Amino acid sequence: MTAQSTTRATRSIGKSIDGAFSALFNALIGVTDTFFSLVQRVVGLRGMPYIFVLPNLLIFGIFILFPMLLNFVYAFTGGIQFFPNQRPWVGTANFEQLLTCQNFLDPNTCYQDRFWRAVYNTVFYVVFQVGFMVVISLATALVLNSSIKARGFFRSVFFYPVLLSPIVVALIWKWILQENGLLNGILTGLGFDKVPFMVDASWARFWVVGISVWAFMGFYTLILLAGLQAIPSEVYEAAQIDGAGAWRSFLNITLPLLMPTMTVVLVLALIRAVQIFDVVFAFTGGGPGTATLYMVQYIYDNGFASPTKQYGLAASASLLMAAVLIILTLGQLRTRRGEV
Amino acid sequence: MSTVTEFLTKTRGRRQPDLTDIITYLYLALGTLLMFGPVVWLVLSSFKTPAEIATFPPRLLPYRQETVEVEGYDEPLPLYEVTLDDGSTAVMAQVRRVGLEAQLIDPASPDEIVKVNIENREPVESVSFRPDNYIEGIQSFNFATYLRNSVIVTIGATLLTLLVNSMAAFALAKYYFPGRTLIFLIMISTLMIPLSVVLVPVFLVITGVGWNNSLWGVIVPGAATPTGVFLLRQYMLTIPEELLDAARIDGASEWRIYTQVILPLSRPALAVLTIFSVMWRWNDFLWPLIVLSRSELFTLQVGLQSFQGQLNVQWNLILAMTVVTLLPITIVFAVLQRSITTGIATTGMK
């Protein structure tokens, strides 16, 4: 078969599939239209918008909004019972348990030491991960925005890891960093000793930050690149005529004009960093010890994994976390409004 | 040679590459290595034999020892390059090994057995991409079941998401009705509160509905994403009201306006939401992990995690199954990469 007739064959197959789909779609519209015309006759034109939002609102109400309200019930009740009506009211006891510390800077003196370890690990992780990631994403976006060949290809290169599932990301890196892995192979080849990356607490923390930067930076690079491309080139030309160098153009044009995009990136990255869970769950499982135990895993452990389920503690911890997230988001809205 | 360097160093509008260009391309080269390298390493490693997986330092490509069929032996015999006592070398097949001594034969004359110290033989190897790990992995990993569950969840959830989100977005964009602002505000405000924060009560609700250990429990709850509603609504706001009024004058019902005016005109936004939804659902881990506890309902991600958590599971199988798990999304990306990256760049901001 020649290439041309192959194309023609593919095209005609494509056309007939398309035709079958549109026939099916039209039949579906016909059937549903009879039904919804009847509905419209009953509820009237004014009632129709409610019919349209209803399915979404039902799912949303049952599976998102209602659980959010229920979370308060769990947070203020105690015991190991799962069903809220069997749980005794304990007031703020769960919060008191979480917040009881002799010295807040030393998790060992806290009643719930795992909670405070998770808090400190998360703070450490958020600061370093967001910091590194924003700097690297900005550098990459600037490089991609300069006059390079094959920009589309390189843009895809940096975006590719974003598509990988957290479990896949974790396994890829676990394989590279294991004791007899690629990285230790390279290190011994260069004359260094093997490093126990997954066993040493500091290294494990370092690599959790490293692989999450690797996995997520492409997304922020894309957003920053879009922001850079929205800056009109006339501004740069004007600056050049006025004798501004590359560095001054960057400081006085690029950075200020990129600030709105930067705010979005920062807040999105912050919110996601606070919620870090699945990559680490598959990568270190929170270990070694509690070195990479983060907030969501603390909640998960208490609610699902531990033999004695502490639903109350899990719910109160998640309320505290939600409070932090809301503050972060409102912070974003405020700064953005300030700019507009 | 000079043409090659000229091609490599040519930059747009300028003849002479300066330091900035060199740094730029170095950065891009390093970036490509860092981004693709780990995945390439995973794929290469997934073809290695268990023995080679354990070798340190690791070798880049998967090698396999060559074998030869010799008459009188049931199994193919491994080939070695042997240094004989007189200093000459020969390629011979090993019959058996006793302690430090290897017994080998010349495949051409299989009757004469030569005994050599194992120090004096080197395996004959060649690069080989045999799919053994994949075949064995798929048998022990229950791959077909997990794949089916993942496909059902991804397609079902994406269709449901597109339907309910576009209906709600249509109502919120094109009608003025009491409660509209309230509904919109409540939805938007939950954007900042993720599932991970309400794990326990969500599990209770799922149990109450009876969707514990059912794929419905994975498909339905995430379908009402505020992100999707918001994205579609912003797009539908740009569709002119006159089109809707014209359709109404022609006697079209509201449902017909939705299906035949709004949906076709919202195609670009629907495409972006489709890409998002497929990506979210295929890679989703936390929700299916909570809802599903029976292994025949696991999605690929949950299955892979429990597979790597089992004791005594070999890396060679895990690596092969990881490749299988990332393959579908990689193919989709390779085909659609341009529309995916531009789509996310233009809507990710919102």
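Me: In this predicted model, is the crossing of H4(A) and H2(B) left-handed or right-handed, and how should I read such a pair?

Reply: Two packed helices are described by the angle between their axes and by the distance between those axes. Here the crossing of H4(A) and H2(B) is left-handed; the axes of helix H4 (residues 151–163) of chain A and helix H2 (residues 19–45) of chain B come within 9 Å and cross at roughly 35 degrees.

Me: Which residues of H4(A) and H2(B) meet?

Reply: An α-helix has 3.6 residues a turn, so residues three or four places apart point the same way. In this pair, A:Phe154, A:Val157, A:Phe158, A:Tyr160 and A:Pro161 of H4(A) meet B:Leu28, B:Gly31, B:Thr32, B:Met35 and B:Phe36 of H2(B). Sorted by class, this contact holds eight nonpolar residues, two polar ones and no charged residues.

Me: How many residues of chain B are in contact with chain A, and which helix of chain B gives the most to that side?

Reply: In the model, 79 residues of chain B are in contact with 85 residues of chain A. Helix H15 (residues 315–347) of chain B gives the most to the side that touches chain A, with 14 residues, and the residues of that side divide into 54 nonpolar, 21 polar and four charged.

Me: How does the radius of gyration of chain B stand against that of a compact globule?

Reply: For 350 residues a compact globule would have a radius of gyration near 20 Å, whereas chain B has 30 Å. Along its principal axes, the C-alpha trace of chain B spans about 100 × 65 × 40 Å. The chain is divided into domain 1 (2–45), domain 2 (63–127) and domain 3 (134–347), and the C-alpha centres of domain 2 and domain 3 of chain B lie 57 Å apart. Of the 350 residues of chain B, 39% count as buried.

Definitions and conventions
Residues are numbered from 1 along each chain as its sequence is written. Chains are lettered from A and ligands numbered from 1 in the order in which they are written. This is a predicted model: local features need pLDDT of at least 70, side-chain atom pairs count only at pLDDT 80 or more; totals for chains, interfaces and linings use all residues. Two residues are in contact if their C-beta atoms, placed from the backbone, lie within 7 Å. Helices (H or I, at least four residues) and strands (E, at least two) are DSSP runs, numbered from the N terminus. Ala, Val, Leu, Ile, Met, Phe, Trp, Tyr, Cys and Pro count as nonpolar, Asp, Glu, Lys and Arg as charged, and the others, Gly among them, as polar. Domain bounds come from an automatic or database domain assignment. The radius of gyration is taken over C-alpha atoms; the globule rule is 2.2 Å times the number of residues to the power 0.38. A residue is buried if 20 or more other C-beta atoms lie within 10 Å of its own, exposed if 12 or fewer, and partly exposed in between; C-beta atoms are placed from the backbone. Axes are lines fitted to C-alpha atoms, for helices over the stretch in contact, and angles run from 0 to 180 degrees between N-to-C directions. A crossing is left-handed if the near helix is turned anticlockwise from the far one by less than a right angle, and right-handed if clockwise.
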